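Subject: Structure handover

Hello,

Here is the structure for you to take over. Please look through it first; my notes on what was found follow below.

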Amino acid sequence: MKKNKGIRYVVKKDGKFWPSDVMKKVVNMTDERIYDKAAKNPVKFWEDLAREGLTWEKEWDKGYVEKLPYFKWFEGGKLNFSVNCVDRHLSHPDRVALIWVPEPTKEKPIKITYGELYNKVNKFANVLKENGVKRGDVVSIYLPMVPQALIAMLACTRIGAIHSVVFSAFSADALKARIQDGKAKILITADGYYRRGEPEKLIDKAKKATEKTTVKKIIVVNRIGKKVKGKKFLDFDTELEKADSYCKPEMMNSEDTMFILYTSGTTGKPKGVIHDTGGYAAQSYWTCKWNFDLHPEDVMWCTADIGWITGHTYAMYGPLLTGATTLIYEGGPDYPDPGRWWKIIQDNKINVFYTAPTAIRMFMGVDSKWINECDMSSLRILGTVGEPIDEKSWMWYFNKIGGGRCPVIDTWWQTETGGTLINVLPGIGPFVPTVSGKSFPGTEHVIVDNKGKPMPKGRQGFLAQKSPFAPGMLHGVYNNHEKYVETYWKKFKKMYDTSDGAYLQNGLIRITGRTDDVMKVAGHRLTTAELENAIHDNKLVGDCAVVPMPHKIKGQVPIAFVVLKKGNGSKKIEKKLKEYVDMKIGPTARPGKIFFIEDLPKTRSGKIMRRILKALLIDEEPQGLMTLINPDSVGKIKDVINANKGS
Ligand code: PRX
């Protein structure tokens with residue numbers, strides 16, 4: 001058995017973990033004074049970082065302009081994002097940019113150097129142009145974790161097209177809604193991908209989603225060897241092969257939209273979060289440099305899918321901006337066995353590993369021989385993201401995966417923030433289980449009451465961000481100014497509302513979770529309203545409510561309470577409704593359980609009291625029954641829950 005030995009990057013002092021002297025020697029940032037220095041003049045601080053970290057065609061006229069609810073970074077500056085990710089690393093054309101690990105073990109991993117990536121991105125940019133894509137057009141991307149996804153996204157940025165990536169496990173309906181909002185003319189997709197040993201078809205969902213939409217052409221990656229016929233369809237690799245090998249990069253304004261990414265809001269309709277070019281690039285680059293301490297010779301593996309913001313920023317753009325190597329993996333974490341991930345770390349000598357607490361909790365339940373067998377001495381930094389991590393899971397990750405040698409960086413951020421914003425820096429510390437840490441230098445978060453007044457130290461409150469807002473922050477909601485204002489800027493005066501709760505613990509920020517109707521299911525973001533809308537659409541359903549319930553591995557799972565139009569519920573109807581959710585949104589949203597009840601607890605004004613349902617689920621005494629118009633419903637729901645215990 002190989003022990004997880006290696007260089008010790010952390011030491012224990014006064015009961016806390018700190019960077020060791022070795023870590024301090026190798027790490028990009030060790031100076032604690034950076035926080036104060038940045039706070040004195042955050043705009044100048046970010047201007048200096050943007051100048052040092054990125055390649056600009058023209059420098060900006062103004063570093064920061066704020067006219068709330070909007071603000072601009074590097075106004076007047078011009079750059080091309082793909083030049084920053086690829087062209088400028090061509091002094092080392094043979095350095096590997098991307099390692100792709102396919103799921104089937106009989107297929108060998110593929111390595112793409114910066115030189116090859118340059119060639120492919122240029123060619124695919126020309127394919128897009130030949131198919132009529134122009135600067136400012138939206139291109140929809142519905143791809144699994146294959147190298148073509150990165151090539152397609154980078155090609156969009158080369159010609160100034162806006163990409164809108166949709167998670168490949170989302171349903172045809174979910175894809176359609178996103179295509180319609182962006183009015184995309186082109187969809188880039190695949191025939192399928194491999195998941196747990198089986199080919200999973202994607203093309204049928206893509207076809208269905210594009211019916212009666214603006215999409216004129218569908219460019220298809222041939223991954224599982226399915227024949228796709230029709231005038232509308234083009235083969236990704238054939239088109240790429242045919243295309244010219246140079247595409248002049250379009251110089252974009254720093255403030256031009258680079259991509260939109262849809263995320264769950266408080267209503268049923270997902271919001272298209274807008275990210276710009278220069279500000280996003282600056283935050284992606286520097287958070288990779290300082291949080292993950294990326295050096296060009298490092299290999300980073302962020303396990304997030306490119307359908308999520310973590311996949312955008314840390315599985316691809318951030319590592320490429322810094323000229324390092326990024327690894328992406330196509331398949332299931334425990335396929336063909338629970339040793340798969342750890343073997344990938346061993347075989348590819350991963351230095352920085354970034355994943356979600358859900359995955360950590362899942363592996364905690366697996367025989368540790370799968371981990372102990374692998375040599376993970378290459379690891380230097382571990383990261384987590386997406387949900388609060390409990391102390392036991394943090395310690396397990398630290399000891400088992402990091403061999404007690406590597407810091408665990410608990411990064412707090414959101415789709416809206418573009419890049420990480422609250423965490424401890426690996427060269428500074430301390431690394432405290434369950435605590436995220438400090439605002440990234442040059443940004444400021446405060447913990448306030450519901451009127452925006454600072455909470456006394458140590459008391460829990462709402463987490464808000466102060467001006468100047470971080471450069472990677474969203475620049476609006478696509479086609480929906482009202483939603484942007486209402487969601488982020490209404491609650492507090494001149495502060496961004498994160499919708500998270502937090503408190504200070506010894507000067508470091510500890511996140512307590514969402515304060516709105518957003519759930520985090522296995523790290524994926526969902527709203528109760530989104531799911532309720534989907535279930536409601538089914539013709540059998542009269543009324544319904546969805547609430548999150550704590551779950552040992554996934555963090556939370558959605559539980560649905562359904563009133564049928566007629567008749568009683570059954571296992572068969574439950575299955576039918578779950579399949580219906582799969583079709584409307586995707587399996588990530590599938591309710592853990594559906595309870596069929598006679599009536600939902602409602603107030604006189606008709607508001608569903610989800611709070612009561614939540615309490616009943618966790619066996620707590622529900623409060624506020626007096627406000628209900630139908631207090632009898634509560635006892636009956638309790639009976640239904642009890643009758644279903646264990647099922
Ligand atoms: O509640 C916070 C939680 O994830 C939310 C953002 O979700 P999403 O937009 O999907 O982005 C996830 C990846 C960036 C936040 O509002 N969250 C994210 N990171 C953490 C976290 N909660 C606790 N600790 C974290 N480190």
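Domain 1 and domain 2 meet through 32 residues of domain 1, which are in contact with 33 residues of domain 2. Please bear in mind throughout that this is a predicted model. Together the two domains bury about 2900 Å², and 59% of that area is on carbon and sulfur atoms. Their C-alpha centres are 28 Å apart.

As for where the domains run, the domain assignment puts domain 1 at 10-80 + 258-514 and domain 2 at 113-250. It also gives a domain 3, covering 520-643.

Next, the ligand. Its shell consists of 18 residues, and the closest are Asp410, Thr415, Asp500, Lys520 and Arg525. Sorted by class, the shell holds 6 nonpolar, 6 polar and 6 charged residues. Three elements each contribute at least two residues to the shell: helix H11 (309-321), strand E22 (408-411) and strand E28 (508-514).

Three of the atom pairs between protein and ligand are worth looking up in the viewer:

- Asp500: an N or O atom of its side chain lies 2.5 Å from an oxygen atom of the ligand.
- Thr411: a polar backbone atom is 2.7 Å from a nitrogen atom of the ligand.
- Gly386: a backbone N or O atom is 3.1 Å from a nitrogen atom of the ligand.

How much of the ligand's accessible area does the protein cover? On its own the ligand has 540 Å² of accessible area, and the protein covers 96% of it.

Finally, some notes on the backbone, each concerning a residue in a loop.

Leu68 and Pro69 are joined by a cis peptide bond with omega of about 15°. Pro69 sits in the loop that runs between strand E3 (62-67) and strand E4 (70-75).

Another cis peptide bond leads from Gly429 to Pro430, and its omega is near -5°. The loop holding Pro430 lies between strand E23 (422-423) and strand E24 (438-439).

Lys494 is a residue other than glycine with a positive phi, near 60°. Its loop connects helix H16 (481-489) and strand E27 (496-505).

That is the end of my notes.

Regards

Note on methods
Residues numbered from 1 in each chain as written. Predicted model: local features only at pLDDT ≥ 70, side-chain atom pairs only at ≥ 80, totals over all residues. Heavy atoms only, no water. Near = heavy atom within 4 Å. Polar contact = N/O pair within 3.5 Å; in protein donor to acceptor, adjacent residues only side chain to side chain. Areas by Shrake-Rupley, 256 points an atom, 1.4 Å probe, with all protein chains shown as cover. Helix = DSSP H or I, 4+ residues; strand = E, 2+ residues; numbered from the N terminus. Nonpolar A, V, L, I, M, F, W, Y, C, P; charged D, E, K, R; others polar. Domains from an automatic or database assignment. Contact = heavy atoms within 4.5 Å. Buried area = accessible area lost by both parts, 1.4 Å probe.
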